[in-house]
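Work through the exercises below with the sequence and the 3D structure at hand. Each task is followed by a solution in steps.

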Amino acid sequence: MSLLNLLHTGRSGLLSSQVGIQTASQNVTNAGVEGYNARSVVLSPSTPALIGGRGVEVVGLIRANDPMLQRTLLLDRGDSAAAEARSNVLATVSVAFGEFDVDGLGAALDSLWGSFRLLEGHPDDMASREEVLNRVENVSNAFNDLASMIQRERLSSDDRVRYSVDRLNELGQRIAELNQEIGVASAQGGGQELMDLRDALVGEVASIIDTKVLEHDDGTVTVVVAAGMPLVEGEEARAVRVDPGSAPGAGVIQMEGSGSLWLDMNERIGGGALAGLLTARDVDLEAIEDRLDQLAFDVANAVNTQHAAGVGLDGVGGRNLFAPLGVVDGAASLISIDAAVEDTPDAVAAAAVAGLSGDNRNALALAALSSTSFAAGGTSTATAEQASILGMTGAMARQAQDQADMNQAAQAQTEALMEQRVGVSMDEEMIDLIAYEKAYQAASKLVALADGLFETVLAMKVR
Amino acid sequence: MRVTNALIRDALIRRVNLAQSRRFRLEEQAASGRRVTNPADDPTATAIARRLDAAMTELDSFAPAANQVKARLETSDATLGSVFDQLIRIKELALTMSNGTASATDRAAAADEAEQIRVSIIGLANTKMEGEYLFGGMASDIPPALADGTWVGNAEIPEVEISPGVRVAAMADGVEAFTAAGGVEVFQVLQDVQDALLTNDVDALRGSLDTIEQAQTQVRMARSRLGPVVGRVDAAEEIRDNLKLQLIEKKSNAIDADLPETISQLTLATQSLEASLSVTARALSHTLLDKIG
């Protein structure tokens, strides 16, 4: 054992304490930073080991991490974002359908039946006839408005899909860059700040699309999305896009493959905002629209059939009130008043036969449609079916909201667990600071002692 | 369990947010008086409320026709009453003139009066109300009685709905009241009396007393049929009003907030929020930093 060694031991103690104090300070100052994982110093006895040792050395800095929890957190983020995206779309649609103001589809249908009833009482009165035509237009407009609203939501969801895909591309690029930087830095024992940043970006990816992360020993990660499609592998990021050939409001998401192939992703996406948006855009809105179209078709058909059975003031029958609709698809946006009767109140067929101005028998039959179950495959009146569609829309929005709330709660719980594992505790850091301070004091005492021993030796007289 | 500062902070934020949003929701309900403001709040209640609204609108739609029927029938009733009075007069005339004490001159003068009565009854048969001939049946745009007494009114009577599923005849039956379908051709009877007076035919006059009575009966019967219909219209109105009250109540139960309940929940939620907030203020100040100098 040499005195120099003793000095060296003391010195190593001073240095390592300094690193400890620095690390604790770093933790304290960054405690409030989003995504900051607590660092800790790894110390170990110096090598090579001599008798008595050679002091302590700083092996490295550890960044607190929990890969298992991280995996769960990414899943939770994905589920949460999906449910929220879907819920937002459905909430908008549900409120638009809401009938608590006077002008909805339901009120329009009520007024149409009411106008037939008015016609019953005054079959030859121009005002009653005009009222019928007005109400036919009203009903058409109400259907058209709802159909437009659904289409608007569809396009809007599609926009959000496109925006998210763009963001995904940016994130992929950045993560690939970070992978490269981290690879270099961690070889030298650093890179923790870069890892924090990268984890934050991966978290954002998970909120856009379902994400799995594979960690490698060199600190880099492989990011896999949409049930097995690699977004980032090492320093390479694959591009993502919306197929330019997609129909408006029906964007198909694709990932670049080998050659100049693009691989469709929509069916594979199981989480993230994209999943929620695609479900809302392609499934939910579709379901509502189908029922609305069917109702519009049924109403136009039933009214037209009965109306054609009667005659107008000119004795002519076989006329339609609504422009005839050939197919159910798109009926809600196409339904309109028949051009042949539009400005011709005389044409309204209140009578059953020609020549009797007080004949209101067809008006009675038209009014009776309000209680006839011609909608929903013959099981429901128009009013009941419209109320049912309204209820269905509300139920979908409700269910989506509940799902979003549940997923939010689950995510919050996972985040709390993660925070417990990797977060900074002020108390712990304070204690560490005090401990390292004491260690520093002890080490400096050691240096003083070694110095003292040296003095003693140097003061020895040589005879 | 390792408790970090961020953990405490996040938990507090979450708790306060929950308390705030719960309170906000209750406040909205109390202020609007509505438990359900959006279909997603309660889809079933929304659908129910919509159907109730439709039912209420439908009930309202019966009122104009029902009122019109009633007005028309009441006017028809009064008109037939006048016809009846005129028939009484013609019977008196026929009776008096069939007496041996009347002279040919008297009868000639009576014939003039008979003519006036006949024309008057034709006028009454052609009474119009709001552009429609009350006794014309479905041909309500043409006067049912021609100047010569021929009936050109239509035998079909239009019906209207006065309440869900209930239809009534919207007009008096002119054919039954004035033509052979109801007994005798009233105008023919009047014409016969007039002719008999003009030709001084006492036997014919005596014979006409019988037919005039038949005419009177016929008109009285036609009149008596109107009363019950008006009664049904009134009854229907009452039923509609009651039904509407029930619907209003049902709708209120479905979507309105129970104010006392809501307000007491609001008070609780506010207290809960206050508690959360004051705990939050204190919770962040327990670290080692406060203890070491």
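Axes are lines fitted to C-alpha atoms, for helices over the stretch in contact, and angles run from 0 to 180 degrees between N-to-C directions. Helices (H or I, at least four residues) and strands (E, at least two) are DSSP runs, numbered from the N terminus. The model is predicted: local features need pLDDT of at least 70, side-chain atom pairs count only at pLDDT 80 or more, and totals for chains, interfaces and linings use all residues. Residues are numbered from 1 along each chain as its sequence is written.

**Exercise 1.** Describe how helix H5 and helix H6 of chain A cross.

Step 1. The axes of H5 (residues 192–208) and H6 (residues 272–308) of chain A come within 2 Å and cross at roughly 10°.
Step 2. H5(A) is therefore roughly parallel to H6(A), a label for angles under 35 degrees.
Step 3. With contact meaning heavy atoms within 4.5 Å, A:Ala206, A:Ser207 and A:Ile208 of H5(A) meet A:Gly272, A:Ala273 and A:Leu274 of H6(A).

**Exercise 2.** In what order do the four strands of the open sheet in chain A lie?

Step 1. The order is S3-S4-S5-S6 in chain A, with antiparallel pairing; two strands pair if DSSP finds at least two bridges between them.
Step 2. At the edges are S3 (211–215) and S6 (236–237) of chain A, each pairing on one side only.
Step 3. S3(A) and S4 (residues 221–225) of chain A are joined by five bridges.
Step 4. A:Leu214 is opposite A:Thr222 in S4(A).

**Exercise 3.** How many helices and strands does chain B have?

Step 1. Chain B has eight helices and four strands.
Step 2. Its pattern along the sequence is α-α-α-β-β-β-β-α-α-α-α-α.

Terms used: Chains lettered and ligands numbered in written order. Heavy atoms only, no water. Parallel < 35°, antiparallel > 145°, perpendicular 65-115°, else oblique.
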